[in-house]
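Subject: Structure handover

Hi,

Here is the structure I promised to pass on. Please open it first, and then read my notes below with the viewer beside you.

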Amino acid sequence: MINEIVSFANNVLWGEYQVLIYILVLAGVWFSLRLRFIQLRHFAYMFKVMKGSTQGDKSGISSYQALCTGLSARVGTGNLAGVAMAISLGGSGAVFWMWVIALLGMATGFAESILGQLYKVRDDHKEYRGGPAYYIRAGLNKPWLAVLFALCLFLGYGISFSAMQANTITDALNHTFDISSVYSGAVITFIAGIIVMGGLRSIARFAELIVPFMSLAFILAAVAVTLINIQQVPAVLMDIFNSAFGLTEAGAGALGAAIKNGIQRGLYSNEAGAGSVPHAAAGATPVPNHPVAQGYVQMLGVFIDTMVLCSCTAIVILLAQGNIGSEMEGIRITQNAMTHHMGMSGDMFVAIIITLFSFTSVVANYAYAESNLHLFKLDNIYGRTVYTLLYLSMVYWGANASLKEVWNMADMALGLMTVVNISALMLLTPTIVNLTRDYQVKLKATNKPEFKLADVKIQGKTEDGVWS
């Protein structure tokens with residue numbers, strides 16, 4: 001029965017009706033137009049706003065920690081196994097459509113992150129909490145919709161996503177080092193438990209240490225592979241563009257598969273519009289002290305995730321096509337591609353990288369779902385204990401489950417979250433536009449915008465005392 005429900009939902013969201021594809025593309029175009037293509041106009045400013053981003057206060061984490069936390073959730077299975085799946089199912093053209101959805105998604109990610117900052121609250125421990133459920137409740141005054149999103153989030157990030165990431169880790173370790181998933185799953189669960197017990201700050205500190213290291217290591221490896229095979233690169237790029245528009249021998253029949261799989265796996269990787277990253281954005285103390293500053297930070301996160309890291313995976317795989325076999329799925333495609341380029345050390349390198357990529361996602365996913373306990377008045381020792389035990393149980397279950405079961409449930413949860421979140425973002429567009437305009441006007445006037453609630457017309461209301 002459960003499998004039938006999941007299959008039906010995914011058919012509506014991703015399959016025959018492709019509801020999510022239309023919603024995401026329309027949202028990306030909508031916010032790109034309403035924000036006057038801010039992802040292009042202010043591309044350089046995304047990097048500039050990170051100046052001073054290591055500063056924070058006792059109520060939250062720094063903007064740099066928020067970026068790393070957001071990246072730790074974004075950068076995971078989708079960057080390695082997801083890209084491989086997109087190429088195997090949609091051809092090389094899927095890479096182009098991943099780029100498109102990322103470019104559009106940068107505007108959507110900007111919009112949702114500034115709302116996460118604006119409508120954040122302080123919990124009983126004086127720590128910031130926020131995310132779509134909070135801006136739906138406070139901005140739209142629709143508590144039932146906020147509860148619906150929170151439930152979808154628990155199903156996704158609290159249950160299936162971490163299970164799926166653990167599944168990929170154990171599969172990679174078993175393939176490379178012949179380590180039983182029973183043992184590796186137990187170790188993953190134990191270490192994750194130690195980290196998440198410290199809450200968002202502990203997870204953010206872990207992320208800021210691991211994320212830069214693992215990302216740089218993978219980028220350097222991909223650059224090395226590209227330079228070694230530099231003569232093949234023009235042909236690979238040409239194949240990506242030809243396949244993206246159905247100009248290859250496979251023709252138009254492959255076009256739909258390229259678009260569908262590129263957008264689906266692009267969303268799964270960068271999460272723009274899904275409503276996950278606003279939780280990290282809400283926890284930050286931004287510099288400058290304005291909600292829009294976090295929009296730029298998390299827009300940069302989308303760029304790094306898909307335009308940089310996913311592209312690295314794609315080029316490694318496509319430069320090895322024809323030499324990696326045909327009866328593989330998920331992470332093993334990437335492993336075999338790297339083995340082709342680097343020998344057995346390539347296989348081990350990918351196994352280590354995917355372990356780091358996926359494990360950081362496992363712990364960041366916990367923080368996203370846990371932040372919504374405040375909505376249900378469960379952010380106490382009993383509520384957190386029950387949630388933590390459920391979360392760790394699902395991590396261990398996922399480590400030993402079949403890949404298909406885990407991916408299907410993750411796809412459904414992500415799709416449901418995205419439908420609710422995009423609907424809320426559309427309704428809150430006036431607030432998004434007003435906040436952005438206020439920031440840009442003050443940026444030109446003072447070069448250091450400071451947010452004052454009285455200066456901006458917003459929908460609903462923020463919690464007293466969070467913004468003066």
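Which residues does Val 363 touch, once residues up to four places away in sequence are not counted? Keep in mind as you look that this is a predicted model. Val 363 touches Ala 192, Ile 195, Val 196, Ile 203, Phe 206 and Tyr 391. Val 363 and Tyr 391 turn up again in the largest nonpolar core, where they and Tyr 296 are the residues with the most contacts inside it. That core has 150 residues, and its largest share, 16 residues, comes from helix H15, which spans residues 291-318.

H15 is also worth a look for its packing. Helix H11 (residues 199-228) packs against H15 at an angle of about 35 degrees, and the two axes are 9 Å apart. Their crossing is left-handed. On the H11 side, the residues are Ser 215, Phe 218, Ile 219, Ala 222, Val 225 and Thr 226; they meet Val 308, Leu 309, Cys 312, Thr 313, Ile 315 and Val 316 of H15. By class, that contact has 9 nonpolar and 3 polar residues, and no charged ones.

Next, helix H6, at residues 77-90. Of its 14 residues, 12 are buried, so H6 is largely enclosed by the rest of the structure. The buried set runs through Thr 77, Gly 78, Asn 79, Leu 80, Ala 81, Gly 82, Val 83, Ala 84, Met 85, Ala 86 and Ile 87, and also takes in Gly 90.

On to the cysteines. How many disulfides does a search of the whole structure find? The count is 0. For Cys 68, the nearest cysteine sulfur belongs to Cys 312 and is 17 Å away.

- Ser 32 sits in helix H2 (residues 19-34) and is buried, with a relative accessible area of 1%. Leaving aside neighbours within four places in sequence, Ser 32 is in contact with Phe 37, Gln 39, Leu 104 and Ala 107. Ser 32 and Thr 108 are 76 residues apart in sequence, yet their C-alpha atoms are 7.7 Å apart in space.
- Thr 360 is part of helix H17 (residues 344-370) and counts as buried at 1% relative accessibility. Beyond four places in sequence, Thr 360 touches Ser 72, Val 75, Phe 206, Ile 210 and Met 214. Phe 206 is also on the list of residues that Val 363 touches.
- Ser 113 belongs to helix H7 (residues 93-118) and is buried too, with a relative accessible area of 0%. With neighbours within four places in sequence left aside, the contacts of Ser 113 are Val 277, Pro 278, Ala 281, Gln 294, Gly 295 and Gln 298.

Over to you, and thanks for taking this on.

Cheers

Conventions: Residues are numbered from 1 along each chain as its sequence is written. This is a predicted model: local features need pLDDT of at least 70, side-chain atom pairs count only at pLDDT 80 or more; totals for chains, interfaces and linings use all residues. Side-chain values use heavy atoms; hydrogens and water are left out. A nonpolar core is a set of buried Ala, Val, Leu, Ile, Met, Phe, Trp, Tyr and Cys residues joined through side-chain atoms within 4.5 Å. Buried means under 20% relative accessible area, exposed over 50%, partly exposed in between (1.4 Å probe, protein chains only). Helices (H or I, at least four residues) and strands (E, at least two) are DSSP runs, numbered from the N terminus. Contact means heavy atoms within 4.5 Å. Axes are lines fitted to C-alpha atoms, for helices over the stretch in contact, and angles run from 0 to 180 degrees between N-to-C directions. A crossing is left-handed if the near helix is turned anticlockwise from the far one by less than a right angle, and right-handed if clockwise. Ala, Val, Leu, Ile, Met, Phe, Trp, Tyr, Cys and Pro count as nonpolar, Asp, Glu, Lys and Arg as charged, and the others, Gly among them, as polar. A disulfide is a pair of cysteine sulfur atoms within 2.5 Å.
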